[in-house]
Amino acid sequence: SKFPQVRRDIAILVDTEISLQTLESTVRRAAGALLSDMWLFDVYQGDKVPAGQRSLAFALIWQDVSQTLSDEAVKTATDTVVQALIEQHSVQLRDS
């Protein structure tokens, strides 16, 4: 039987010259084995976003193949991803 998947969304503000591919590979590296899927579901540039930046929202799907993930484990994993994006690409976290 499969253990339940948990979705967490993160919304970030990032320089437009940083490619989606680059961001996704950073997420995957930081997330490790617990990340079962991810996708971009929102892109926004315009009024509320500074020039030269865009707002991106990603869905992160977490799943442990051996047990049900605790809220704490999901939070830690998500925080690790956010931290990597901040450190490597100077993103700002937005309220998702």
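This is a predicted model: local features need pLDDT of at least 70, side-chain atom pairs count only at pLDDT 80 or more; totals for chains, interfaces and linings use all residues.
Residues are numbered from 1 along each chain as its sequence is written, and side-chain values rest on heavy atoms, with hydrogens and water left out.

Helices and strands are DSSP runs numbered from the N terminus, with at least four residues (H or I) for a helix and at least two (E) for a strand. The strands form an open sheet of four, in the order E2-E3-E1-E4 and with antiparallel pairing, where two strands are taken to pair if DSSP finds at least two bridges between them. Strand E2 (35-44) and strand E4 (92-94) are the edge strands, each of which pairs on one side only. From one strand to the next the twist averages 30°; axes are lines fitted to C-alpha atoms, for helices over the stretch in contact, and angles run from 0 to 180 degrees between N-to-C directions.

Ten bridges connect strand E1 (residues 6-15) with strand E3 (residues 53-62) in the antiparallel sense. Within this pairing, Val-6 stands opposite Trp-62 of E3, and Leu-13 has Ser-55 of E3 as its bridge partner. Leu-13 also stands opposite Gln-92 in E4, the strand that pairs with E1 in the antiparallel sense over three bridges. E2 and E3, which run antiparallel, are joined by eight bridges, and the bridge partner of Leu-40 in E3 is Phe-58.

In a regular strand the side chains alternate between the two faces of the sheet. In E3, Gln-53, Ser-55, Ala-57, Ala-59 and Ile-61 point one way, while Arg-54, Leu-56, Phe-58, Leu-60 and Trp-62 point the other way, and all are buried, a class that requires under 20% relative accessible area, as against over 50% for exposed and the range in between for partly exposed (1.4 Å probe, protein chains only). Because ten of the ten residues of E3 are buried, this strand is largely enclosed by the rest of the structure.

Gln-53, which is found in strand E3, is buried with a relative accessible area of 15%. Its side chain is joined to that of Asp-15 by a polar contact of 3.2 Å, a polar contact being a pair of N or O atoms within 3.5 Å, of which, within protein, one must be able to donate a hydrogen and the other to accept it, and for residues adjacent in sequence both must be side-chain atoms. Residues up to four places away in sequence aside, Gln-53 touches Leu-13, Val-14, Asp-15, Thr-16, Gln-45 and Gln-92, where contact means heavy atoms within 4.5 Å.

A polar atom of the Gln-63 side chain lies 2.5 Å from the backbone oxygen of Phe-3, and a polar contact of 3.3 Å joins the side chains of Gln-63 and Gln-5. Beyond its neighbours within four places in sequence, Gln-63 is in contact with residues including Lys-2, Pro-4, Ala-33, Leu-34, Ser-36 and Leu-69.

Two packed helices are described by the angle between their axes and the distance between the axes. The axes of H1 and H2 come within 9 Å and cross at roughly 135°, so the two helices are oblique to each other, given that angles under 35 degrees count as roughly parallel, over 145 as roughly antiparallel, 65 to 115 as roughly perpendicular and the rest as oblique.

Ser-90 has its place in the loop between H2 and E4, where it is exposed, with a relative accessible area of 61%. Most residues other than glycine have a negative phi. Phi of Ser-90, by contrast, is near 50°, a positive value in a residue other than glycine.
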